[in-house]
Amino acid sequence: MYFARFTFKPDRAPEFLDGDQFVTEMPFDDPSEIIACVQEFEHALDGVIVRCTLTGNVTNLLDFAVEGS
């Protein structure tokens, strides 16, 4: 199981979250599901942090960001 914490850009957050929230966390069974979400909403996201419950590893996807995308 994986948990992805999505941080939305302030001007886009109301499209996805209630009130003044900018951050939400969702469970995923497979990393490919997280990749699909990130690709679909990349222009609305400020950051994504992923935690694997099996290993306890935490990865900030900004560490792998591609310039100009």
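Which residues does phenylalanine 22 touch, not counting residues up to four places away in sequence? They are Phe6, Thr7, Phe8, Pro10, Ala13 and Leu17, where contact means heavy atoms within 4.5 Å.

This is a predicted model, in which local features need pLDDT of at least 70 and side-chain atom pairs count only at pLDDT 80 or more, while totals for chains, interfaces and linings use all residues. Residues are numbered from 1 along each chain as its sequence is written, and side-chain values use heavy atoms, with hydrogens and water left out.

Phenylalanine 22 sits in the loop between β1 and β2 (23-28). Strands (E, at least two residues) and helices (H or I, at least four) are DSSP runs, numbered from the N terminus. With a relative accessible area of 36%, phenylalanine 22 is partly exposed; that class lies between buried, under 20%, and exposed, over 50% (1.4 Å probe, protein chains only). Its C-alpha atom is separated by 9.5 Å from that of leucine 45, 23 residues apart along the chain.

The largest nonpolar core has 12 residues, among them Phe6, Phe8, Ala13, Leu17, Cys37, Ala44 and Leu45. At least two residues of this core come from each of β1 (2-8), α1 (31-41) and β3 (45-52). A nonpolar core here is a set of buried Ala, Val, Leu, Ile, Met, Phe, Trp, Tyr and Cys residues joined through side-chain atoms within 4.5 Å. Alanine 44 is in contact with Phe8, Lys9, Arg12 and Phe16, leaving aside its neighbours within four places in sequence.

**Cysteines**

The count of disulfides (pairs of cysteine sulfur atoms within 2.5 Å) is zero. For cysteine 37, the nearest cysteine sulfur is that of cysteine 52, 17 Å away. Cysteine 37 is buried, at a relative accessible area of 17%, and cysteine 52 is buried at 11%.

**Salt bridges**

A salt bridge is counted when a side-chain nitrogen of Lys or Arg is within 4 Å of a carboxyl oxygen of Asp or Glu. The count comes to two.

| Pair | Closest N and O atoms |
|---|---|
| Glutamate 25 and arginine 5 | 3.1 Å |
| Arginine 12 and glutamate 15 | 2.6 Å |

Glutamate 25 lies in strand β2 and arginine 5 in strand β1, so this pair ties together parts that are 20 residues apart in sequence. Glutamate 25 is partly exposed at 39% relative accessibility, and arginine 5 is partly exposed at 43%. In the other pair, arginine 12 is partly exposed at 26% relative accessibility, whereas glutamate 15 is exposed, with a relative accessible area of 51%.
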